[in-house]
Amino acid sequence: MLDEVVARLNDAELTPDEKKALQLGIGRIPAILQDNTDRNRTSPFAFTGNRFEFRAAGSSANCAASMIVINAAMAHQLNEFKTQIDKLVNGGMEQEEALYKVLKETIIASQNIRFEGDGYSEEWKAEAARRGLTNICHVPEAILKFNDEQSRAVLIGEKIFNENELFCRIEVELEKFTKKVQIESRVLGDLAINHIVPTAVIYQNRLLENLRGLKEIFSTEEYEELTEDRKNLVREIQNRILAIKKAVHNMTEARKVANHLGSQVEKAFSYEEQVRPYLEEIRDHIDHLELEIDDEIWPLPKYRELLFTK
């Protein structure tokens, strides 16, 4: 529906009839059917028929930060509306005509941020880039956006924060991010070295014992043919073990370097760019081992067990 609104707008002068209908062919507020799709799961700011639904804060996040930004942006835009309308009225334009003129210009100017497809899809990433919109996946970089010109105009300009308060909030958010990645990397390193690797070695030894037993009862040709899969599995497990140990060591060294950096910005960027990638690398190796090792000796609960059995 929002795209239909934009499609019917144009740059022509407003007539009295157009004022009533906002150039939409709608003379009164229409009945809007309740949305029956999962739109609120495919857009961070979903228009679901008769309301907007804001999908912002995660389960572990305090929604106050999101509400501060949303309410500050709303207040800033309302102030801009009033300034623009007052200027037109003082210049001799009728108040109603000024109101519709500003609304029309705003709807047209904001059309790039509206998207009726899946806002979490690869399609939207490409479309957002084409429209010149940002898509920041780098956490410290996103936090620093609080201090860019537009954000300061809203947060400081509307007297939500002063300079010191905004600076302190940015510092706190950067430190929180750093601590979270630091804790996650330490926990993952401990799980990998003290739980996953020993379990992989135990299962590898079982396979080696099996290979030795098969070698005693089969001829050389039969043995080579029948045990190729287990030999490959032993080799695969060993390669995963070595890769995990190397990645955990490198991750630990990267943490040491990051911890000695001077500012919170430098630490946060180092944890994002030098430490966090190891989390995905180590997890990938562990995920493969989970599929290869006997379920009876796997030390951690699996997703199906968390959901249905444990």
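User: What makes the crossing of α8 and α10 left-handed?

Analyst: The model is a predicted one. A crossing is left-handed if the near helix is turned anticlockwise from the far one by less than a right angle. The crossing of α8 and α10 falls in that class.

User: Why are α8 and α10 called roughly antiparallel?

Analyst: Their axes cross at roughly 160°. Angles over 145 degrees count as roughly antiparallel. Therefore α8 and α10 are roughly antiparallel to each other. The two axes come within 9 Å. Helix α10 covers residues 228-259.

User: What kinds of residue make up the contact of α8 with α10?

Analyst: That contact divides into 18 nonpolar, 7 polar and 5 charged residues.

User: Is α8 roughly parallel or roughly antiparallel to α11, and how do you know?

Analyst: α8 and α11 pack at an angle of about 25°. Angles under 35 degrees count as roughly parallel. That value therefore makes α8 roughly parallel to α11. The axes of α8 and α11 lie 9 Å apart.

User: Which hand does the crossing of α8 and α11 have, and what residues form the contact?

Analyst: α8 passes α11 in a left-handed crossing. The contact of α8 with α11 holds 16 nonpolar, 4 polar and 7 charged residues.

User: Which helices supply at least two residues each to the lining of the second largest pocket?

Analyst: α8 (163-217), α11 (264-292) and α12 (303-308) do. α11 gives the most, with 6 residues.

User: What makes a residue part of that lining, and which ones lie nearest the centre of the pocket?

Analyst: A lining residue has an atom within 4 Å of a point of the pocket. For the second largest pocket, 15 residues line the space. Arg283, Ile286, Asp287, Leu300 and Tyr303 lie nearest its centre. The space in this pocket comes to about 480 Å³.

User: How many helices and strands does the chain have, and where do the strands come in the order?

Analyst: The chain has 12 helices and 2 strands. From the N terminus on, the order is α-α-β-β-α-α-α-α-α-α-α-α-α-α.

User: What share of the chain is buried, and what makes a residue count as buried?

Analyst: Buried means under 20% relative accessible area. Of the 310 residues in the chain, 29% are buried.

How values were computed. Residues are numbered from 1 along each chain as its sequence is written. This is a predicted model: local features need pLDDT of at least 70, side-chain atom pairs count only at pLDDT 80 or more; totals for chains, interfaces and linings use all residues. Side-chain values use heavy atoms; hydrogens and water are left out. On a 1 Å grid over the protein atoms alone, a cavity is a set of points where a 1.4 Å probe fits but cannot get out, and a pocket is an open set with protein on both sides within 12 Å along at least five of seven lines; lining residues have an atom within 4 Å of a point. Grid points are joined across faces, edges and corners, and a volume is the space filled by probe spheres set on the points. Helices (H or I, at least four residues) and strands (E, at least two) are DSSP runs, numbered from the N terminus. Axes are lines fitted to C-alpha atoms, for helices over the stretch in contact, and angles run from 0 to 180 degrees between N-to-C directions. Angles under 35 degrees count as roughly parallel, over 145 as roughly antiparallel, 65 to 115 as roughly perpendicular and the rest as oblique. Ala, Val, Leu, Ile, Met, Phe, Trp, Tyr, Cys and Pro count as nonpolar, Asp, Glu, Lys and Arg as charged, and the others, Gly among them, as polar. Buried means under 20% relative accessible area, exposed over 50%, partly exposed in between (1.4 Å probe, protein chains only).
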